Protein chains: 2
Amino acid sequence: MEIEVKPGKYIVAVSGGVDSVVLLDLLVQCKELELVVAHFDHGIRPDSNLDQRFVKDLAKKYNLEFASEKGNLGENASEEKARNARYEFLHRAGKENHADVVITAHHQDDMLETALINLSRGTGRKGLSSLDSGNKILRPLLGFTKNQIIDYAKKKNLQWREDSTNQSDKYMRNRIRKKLAEADPQHKSDLLDLLHATKHSNREIDQILQLMLRPELPKKYLLELDHNASKELLAQWLRMHGIQFDKQLIEQLIVKAHTGRVGSVFVLKKDAKVQIDKQCLRVV
Amino acid sequence: MEIEVKPGKYIVAVSGGVDSVVLLDLLVQCKELELVVAHFDHGIRPDSNLDQRFVKDLAKKYNLEFASEKGNLGENASEEKARNARYEFLHRAGKENHADVVITAHHQDDMLETALINLSRGTGRKGLSSLDSGNKILRPLLGFTKNQIIDYAKKKNLQWREDSTNQSDKYMRNRIRKKLAEADPQHKSDLLDLLHATKHSNREIDQILQLMLRPELPKKYLLELDHNASKELLAQWLRMHGIQFDKQLIEQLIVKAHTGRVGSVFVLKKDAKVQIDKQCLRVV
């Protein structure tokens with residue numbers, strides 16, 4: 001098992017589970033990488049401080065910088081809330097350490113599971129390639145299966161903590177994981193082929209849309225598109241401005257674009273506002 | 001089994017196989033449809049005139065107009081060649097009969113097979129939704145399986161001719177058909193879910209791109225995009241102009257856009273030319 005990562009400084013997300021322990025071991029073997037091990041303690045399980053200590057010792061063993069933070073999400077936190085808090089910490093740790101890019105240990109099985117979960121919830125375009133590598137996040141294990149990762153860990157005698165399964169998502173993800181474990185290899189391989197093709201096509205579309213979108217979004221675009229296409233366009237426009245959003249926010253912004261008084265301002269979040277001009281929307 | 005088709009005049013593609021025989025029987029039950037039965041004899045098999053006679057009689061039985069044409073493709077014709085000749089005839093018959101839209105009998109299994117064939121050949125975005133209904137082609141059976149179609153035909157005591165399998169594609173399509181027939185239902189259902197999500201997202205993207213594309217394509221767009229994204233953009237631009245193309249033509253046009261002398265003209269086909277201007281490409 002080998003991975004390739006361009007020389008540079010990176011934040012590595014390490015939970016202490018087998019995936020991230022293997023990721024770290026592989027990264028240490030790459031040339032010219034400066035790594036910061038980052039651990040986020042969600043504060044969901046009572047014993048999570050043991051994970052934190054384990055990862056801290058691991059960073060020490062490899063002689064790497066270590067950054068960690070304890071959230072206080074409580075045991076009923078949803079997967080979405082936990083994920084958002086984790087990534088906020090990771091990107092913040094990146095800024096503080098002058099390392100733009102976060103590396104995560106997501107692998108092939110995660111990608112399949114996530115795509116199927118998103119599908120069952122009625123996903124849009126991005127939900128099908130939600131674990132793709134991007135500008136700010138690298139996922140060098142996406143080409144490997146969970147079994148390959150475990151084999152590597154055993155062969156190299158690595159120690160790890162058992163992965164804590166996320167609470168709210170437990171039932172759905174576990175059910176899908178079980179289904180995929182029982183599926184014949186052809187089934188997984190067909191799904192993967194289809195997902196890869198979708199990802200490639202998404203990357204091309206992203207490029208084209210980023211090229212054609214202007215900082216100001218003409219209102220007439222939204223008037224001429226049907227509802228779903230409007231949502232897709234608005235989402236892409238917000239991504240261009242580096243603004244995070246969810247489904248609900250997009251729906252609200254569409255209503256506002258159609259009905260908002262000229263000059264009025266829609267507050268997306270504390271540091272992102274959209275102004276409704278006569279002809280266009282503008283981030284202010 | 002029931003289908004819904006908006007009132008209007010349509011060309012129905014009928015090969016004489018069970019799929020199109022069932023399609024026709026279902027269409028005849030819809031209200032306010034004016035139907036023209038169209039049969040294309042590819043001239044690939046020696047006994048294809050028997051199919052033609054069968055479909056002619058079927059049209060007579062339903063008291064419908066009938067249009068047919070005999071191609072002369074020969075027994076080694078590729079699936080692509082046969083398909084192009086068939087659709088050219090169908091659209092021509094549409095024009096002659098003042099019926100813009102063609103209805104075909106493609107069903108769920110066809111859609112899955114075609115997507116998997118395209119995938120194995122390295123498809124782009126459109127290959128994943130290649131049998132989607134569009135402006136000019138309706139496929140009201142896409143929601144039904146082959147088994148449902150056969151059950152319907154038997155229940156209604158319909159007569160049909162055995163489908164002739166296409167020559168060049170025989171091995172690949174047969175292999176994929178066999179694989180799908182043996183797959184567990186979950187496998188097919190996962191693939192279908194993924195394909196449907198991809199189709200929906202493709203429709204939104206099509207709308208957005210059609211809205212943002214101008215009749216003239218700025219050259220700088222092609223210079224700023226990577227190769228695959230350039231191909232996607234050019235394809236969408238040619239579609240906007242109603243110009244048919246294949247992969248090879250797109251590649252040639254990209255080279256021409258980068259290297260062609262200002263004012264030079266690239267002949268796509270006899271009635272479609274692209275002129276290379278200083279700043280843009282223009283269909284002339």
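A:Asp190 forms a salt bridge with B:Lys179, and their closest N and O atoms are 3.1 Å apart; a salt bridge here is a side-chain nitrogen of Lys or Arg within 4 Å of a carboxyl oxygen of Asp or Glu. Across the interface of chain B and chain A the rule finds two salt bridges, together with six residue pairs in polar contact, both residues being at pLDDT 80 or more. A polar contact is a pair of N or O atoms within 3.5 Å, where within protein one atom must be able to donate a hydrogen and the other to accept it, and residues adjacent in sequence count only if both atoms are side-chain atoms.

The model is predicted, so that local features need pLDDT of at least 70 and side-chain atom pairs count only at pLDDT 80 or more, whereas totals for chains, interfaces and linings use all residues. Residues are numbered from 1 along each chain as its sequence is written, chains are lettered from A and ligands numbered from 1 in the order in which they are written, and side-chain values use heavy atoms, with hydrogens and water left out.

**The interface**

The contact (heavy atoms within 4.5 Å) takes 34 residues from chain A and 34 residues from chain B. Between them the two chains bury about 3400 Å², of which 72% is on carbon and sulfur atoms; buried area is the accessible area (1.4 Å probe) that two parts lose on being put together, summed over both. B:Leu194, B:Leu211 and B:Met212 supply 20% of the area that chain B buries against chain A, more than any other three residues. On the side of chain B that touches chain A, the elements giving two or more residues are α4 (108–120), α7 (185–212), α8 (219–224) and α9 (227–240) of chain B, and the largest share, 17 residues, comes from α7(B). Helices (H or I, at least four residues) and strands (E, at least two) are DSSP runs, numbered from the N terminus.

**Helix α3 of chain A**

At 1.5 Å a residue, the 18 residues of α3(A), residues 79–96, should span 26 Å, and the end C-alpha atoms are 26 Å apart, which agrees; the expected span is 1.5 Å times one less than the number of residues. Buried residues of α3(A) are A:Glu79, A:Ala82, A:Tyr87, A:Phe89, A:Leu90, A:Ala93 and A:Gly94, where buried means under 20% relative accessible area, exposed over 50%, and partly exposed in between (1.4 Å probe, protein chains only). Seen down the axis of α3(A), these buried residues fall within an arc of 155 degrees, so they line one face of the helix; the arc is that of the directions from the helix axis to the C-beta atoms. The face turned away from the buried side carries the exposed residues A:Lys81, A:Lys95 and A:Glu96.

**A:His39**

A:His39 lies in strand β2 (residues 33–41) of chain A and, at 4% relative accessibility, counts as buried. Leaving aside neighbours within four places in sequence, the residues in contact with A:His39 include A:Val14, A:Asp51, A:Phe66 and A:Phe89. A polar atom of the A:His39 side chain lies 2.8 Å from the backbone oxygen of A:Val14. A:His39 and A:Val12 are 27 residues apart in sequence and 8.4 Å apart in space, C-alpha to C-alpha.
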